[in-house]
Structure formats: C-alpha cells, structure tokens
Amino acid sequence: MATEPPAIQSSWAVVQDHRRVFQDLVYLYPVISRRSRGLSIGVNLNPDKRCNFDCVYCEVDRKTPGRATSVRLDQLRDELVWLVQHARDGTLAQQPKFCEVPELTRQIRDIAFSGDGEPTMIPNFEECVRTVAEVRHQLGLDDTKLVLITDSAGLDKGSVKRGLELMDAHHGEIWCKLDAGTPEYYRLVNRSFVQFSRILKNILETARVRPVIIQSLFLRIRGEAMTPAELAAYCDRLNEIVAAGGRIREVHAYTVARPTPETWATRLTREELEGLATEIRRRTGLKVEVFD
Ligand code: SF4
C-alpha cells in the first residue's frame with residue numbers, strides 16, 4: 001500500500017537536479033519530483049533530443065548531440081528492471097544525488113514518459129508503453145502510476161492513442177502542456193510550428209476519453225508576466241474543453257525552476273503564481289495546484 005509522501009521542498013538540491021543522465025543508463029533517470037511527490041523514474045523517449053516545440057524555458061541542451069537515435073525496447077526493459085531493483089535494495093539511497101532524502105528513493109511514485117523532447121514523436125510509442133507496463137506488472141509495482149508528460153501535439157496519432165489506452169489500463173495519467181490562451185502567446189512561449197488549434201483539439205479529444213491533468217508553466221518573458229487578458233483567454237480555453245465534454249482532473253501551475261538557455265525567460269514569485277492560481281480557480285472552478 002502506498003504511504004502518504006512528505007512535502008517535497010523545491011529548495012532541495014535533489015529537486016533542482018533534473019538531469020536526465022544517471023550512470024550509464026541511456027533511457028532511464030531517477031529524480032525527486034515535486035509534482036510526483038517523490039521518486040519518479042523518468043523514461044527519456046527522446047535521447048535524440050527531438051521536439052516539435054521550442055519553449056523559451058526549455059532546459060534541454062541541444063548543442064550537445066543526443067546519446068541515441070531510437071528507443072531499443074530490450075535495453076529499456078533491462079534499465080527499468082535494474083533501476084527498480086536498485087531503488088528497492090537501497091543502492092539508490094546511497095547515491096550522493098539522494099543523500100538529502102534517501103528514504104524517498106524507496107517508493108517509486110511514478111514512471112514518467114518524458115525526456116529531452118516530445119515523447120509522442122517516436123514511432124514506437126505504443127511498444128514503449130507496453131514494455132514499461134509489462135515490467136511494472138512483473139515487478140509488482142501496482143501502486144505506481146504511469147505518467148505521460150506531453151506537449152499534446154502528437155496525441156492524435158494512432159500509435160499514441162493505442163499507447164494511451166494501455167496506460168489507462170495501468171494506472172495511467174496524461175499531463176498535457178498548456179501555457180497560453182491565444183495563438184499569439186503560444187507562438188511566443190512555445191515557438192512551435194504546430195497549430196495552437198491542433199493542440200487544443202488533441203487535449204479535448206484525449207480528455208473526452210479519460211481525465212487529464214493540465215500542466216501550465218507561467219513565467220516572465222523579458223520582464224513581462226502573462227497579461228490579465230491572456231490569463232482570461234487561457235481560462236476560456238479550459239472552460240471550452242470542459243464544456244465540450246473534456247475532463248480536467250486538475251491544473252498544475254508552475255514556473256521556471258532552473259536556469260534556462262534563454263536568460264530572459266525568468267521565474268515568477270510564489271505570490272505571483274498563487275495569484276494566477278486563484279484567478280484560474282475563480283474563472284474555471286477547477287482544482288489548481290501550485291509548484292514553485
Ligand atoms: S516541450 Fe518540453 S522538451 Fe520540448 S521544447 Fe518544450 S520544454 Fe523543451
């Protein structure tokens with residue numbers, strides 16, 4: 001049975017450290033995550049660093065080449081088994097990275113498909129989910145969630161839809177990025193060639209099948225925070241999704257946590273983030289959690 005996790009402090013070095021490299025692993029990396037409330041095993045489905053967004057706050061170093069160009073299922077399986085065993089036998093707790101919070105490494109809160117790019121871009125997404133779901137079952141990780149952290153651009157692909165159905169059967173959660181309310185602000189923040197309307201449609205269609213979590217990063221761009229008009233438009237988009245039959249379990253509101261290559265993309269204060277969350281709750285009636 002899962003026990004209630006302690007509050008994760010964003011000031012902890014281990015929380016600040018979200019490097020997607022651990023020892024010699026190519027696809028897997030352990031992190032202590034505020035939003036996962038403990039140990040999250042990240043599955044980097046984009047070791048090639050491909051993404052269809054170019055967010056101003058992205059931390060991925062794309063000047064350095066990636067470590068692989070595809071996801072090999074046999075290696076993914078082996079790495080996951082190895083990492084789960086090391087979490088369970090206490091080896092992970094002894095790593096310098098986790099010396100602040102060794103006890104948190106014993107319980108795997110989730111296995112999250114994310115990484116150095118957009119997970120839904122890979123051609124074998126369904127097979128990756130299947131492989132992870134099989135290991136999860138074999139190792140008795142029945143309380144461990146499978147999470148997909150996505151920019152939503154590829155949620156309409158056949159292989160991705162089948163992967164989501166597999167996730168539904170294995171305690172899955174879909175975290176859909178939505179950082180804007182208008183196409184203009186979306187282009188400013190996410191700098192993607194994918195149409196904003198397609199992102200919204202994909203979130204809606206996905207949320208009609210199962211509840212989703214909306215993850216929204218709010219920040220200051222060249223000193224300017226999101227305007228009240230943009231925030232109102234953002235809330236309108238959420239309300240439209242719900243009105244059209246989409247289910248939003250909650251909204252995760254967060255901000256820039258670590259230095260980004262674009263030095264003019266900077267974090268909001270906790271108070272500013274709380275203010276935005278209050279307004280989102282007022283306008284939408286949705287549950288909003290703040291992670292600063
Ligand atoms: S979607 Fe994620 S990986 Fe892609 S550019 Fe944005 S922050 Fe970076």
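Mentor: Let us begin with a term: a residue is called buried if 20 or more other C-beta atoms lie within 10 Å of its own, exposed if 12 or fewer do, and partly exposed in between, with the C-beta atoms placed from the backbone. This is a predicted model, in which local features need pLDDT of at least 70 and side-chain atom pairs count only at pLDDT 80 or more, while totals for chains, interfaces and linings use all residues. Residues are numbered from 1 along each chain as its sequence is written.

The part to look at is helix α8, residues 270-284; helices (H or I, at least four residues) and strands (E, at least two) are DSSP runs, numbered from the N terminus.

Within α8, the residues L273, L276, A277, I280 and T284 are buried. They cover an arc of only 100° around the axis, which means that they lie on the same side of α8; the arc is that of the directions from the helix axis to the C-beta atoms. On the face of α8 turned away from this buried side, you will find the exposed residues E271, T278 and R282.

What do the buried residues of α8 pack against? Their partners are α7 (228-243), β9 (248-254) and β11 (288-291), where two residues are in contact if their C-beta atoms, placed from the backbone, lie within 7 Å. After α8 comes G285, a residue whose phi is positive, near 75°.

Strand β1 (residues 28-33) runs antiparallel to β2 and is joined to it by six bridges, two strands being paired if DSSP finds at least two bridges between them. P30 has I41 of β2 as its bridge partner, and I41 in turn has I111 of β3 as its bridge partner. That strand, β3 (residues 108-114), pairs with β2 in the parallel sense over six bridges. Between β1 and β2, which form a hairpin, there are four residues, and R37 in the turn has a positive phi of about 65°.

Note on methods
Expected span 1.5 Å × (residues − 1).
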